[in-house]
Amino acid sequence: MMKKLFLTLAAALAIGSVTTAYANPDVLQTKNDGEQLVDKFKQLSRNTEWAEKEKVDLQFNTYHPQGMTKIGDLYYMSSVEIIEKPVKFERPRDGYDRTPGKGIGHLFVYNGQGKLLQDIKLGEGDMYHPGGIAFDGESIWVSVAEYRPNSESIIYKVDPKTMKPQEMFRTNDHIGGILRDGEKGKLKAVSWGSRTFYEFDQKGKVLSKTSNPSHFIDYQDCESAGNDNMICSGITELPQQGGNVAKYELGGLALLDMKSMDTKHELPISLFSPQGHTITRNPVYLENTDHGIKLYAVPDDDHSSMLVYETRFNTK
């Protein structure tokens with residue numbers, strides 16, 4: 001299986017059949033890809049029409065998907081398998097608002113037909129909850145945290161050729177998503193609910209810690225878009241009229257300036273999954289295409305489908 005995965009990845013990198021947000025010669029991307037994606041993203045609005053292009057049924061238990069990235073024609077997705085759900089305390093205990101629960105962290109690799117190629121386990125002890133992931137042109141970065149706020153996390157990088165994880169550092173907060181600035185090597189991260197932004201060096205030193213000024217959505221998955229830009233996807237749950245009515249899931253996308261972490265452009269996404277979830281609830285990956293933007297999403301748990309949407313722009 002490992003040999004097959006390596007050959008498939010090598011072929012994908014050699015052919016360069018897809019376009020991502022990365023301008024990295026190792027994966028045969030052009031420098032303009034990130035710029036084009038950002039320019040197109042700025043044209044998106046709540047009125048943008050997204051056409052569903054494909055629905056890929058994933059042929060394995062996905063548990064609770066978290067983050068997603070794409071390299072060549074392979075997909076990488078983090079997920080948490082919950083064995084014992086955390087239970088909230090009536091009052092905080094030792095700085096925590098709930099029990100740690102129990103679970104297993106996964107990083108799945110699958111192909112365009114939804115076939116699982118590999119499943120690696122990540123985490124240790126109470127740290128079993130992977131977050132949003134990102135590929136920097138060399139490695140996939142994954143955070144694995146306790147399933148509760150104000151806790152602890154392990155930061156890994158994973159070589160996509162060997163799928164061997166390397167622990168880089170540990171930090172004293174729940175890191176819900178992480179990515180590396182491919183040009184400068186610094187790590188950008190978000191906390192539980194993305195209420196706090198972090199910048200780390202690769203040894204784990206905190207270079208900056210700031211509050212997220214936006215309360216539009218909680219970022220679930222972020223990826224670099226080149227030229228000091230990053231694109232995040234996420235969700236917020238809003239109350240609906242009537243106490244017994246389920247909360248409304250508002251999905252959205254946001255373009256952030258990596259230097260200042262200011263929001264440059266954001267928009268709601270009003271598309272829903274077969275199970276009734278907003279499509280940006282779990283992993284999301286955006287890809288630049290010749291005529292527009294392609295969006296990949298896995299919003300549902302357990303028996304999931306990867307939903308693929310595309311929006312097109314008039315190009316000269």
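Before moving on, some ground rules. This is a predicted model, where local features need pLDDT of at least 70 and side-chain atom pairs count only at pLDDT 80 or more, while totals for chains, interfaces and linings use all residues. Residues are numbered from 1 along each chain as its sequence is written, and side-chain values use heavy atoms, with hydrogens and water left out.

**Stop 1: around isoleucine 178**

Isoleucine 178 sits in strand β13 (residues 175-180); strands (E, at least two residues) and helices (H or I, at least four) are DSSP runs, numbered from the N terminus. Buried or exposed? Isoleucine 178 is buried, with a relative accessible area of 1%; buried means under 20%, exposed over 50%, and partly exposed in between (1.4 Å probe, protein chains only).

**Stop 2: a hairpin**

Strands β11 (153-159) and β12 (164-171) pair in the antiparallel sense over 7 bridges; two strands count as paired if DSSP finds at least two bridges between them. Click on lysine 157 and look across to its bridge partner in β12, glutamine 166. The hairpin has 4 residues between its strands, and methionine 163 in the turn has a positive phi of about 55 degrees.

**Stop 3: an open sheet**

Then show β17 to β20. These 4 strands form an open sheet in the order β17-β18-β19-β20, with antiparallel pairing. β17 (218-226) and β20 are the edges, each with a single partner strand, so one side of each has no neighbour in the sheet. Zoom in on β19 and β20, which pair over 6 bridges, and find leucine 256 opposite threonine 263 in β20.

**Stop 4: the cores**

Finally, colour the largest nonpolar core, which has 21 residues. Such a core is a set of buried Ala, Val, Leu, Ile, Met, Phe, Trp, Tyr and Cys residues joined through side-chain atoms within 4.5 Å. Phe41, Trp50, Leu253, Ile279, Leu286, Ile293 and Leu295 touch the most other members. Elements supplying at least two residues each include α2 (32-41), β19 (248-257) and β23 (305-312). Apart from this core lies another, of 18 residues, among them Ile71, Met127, Phe135 and Val142.
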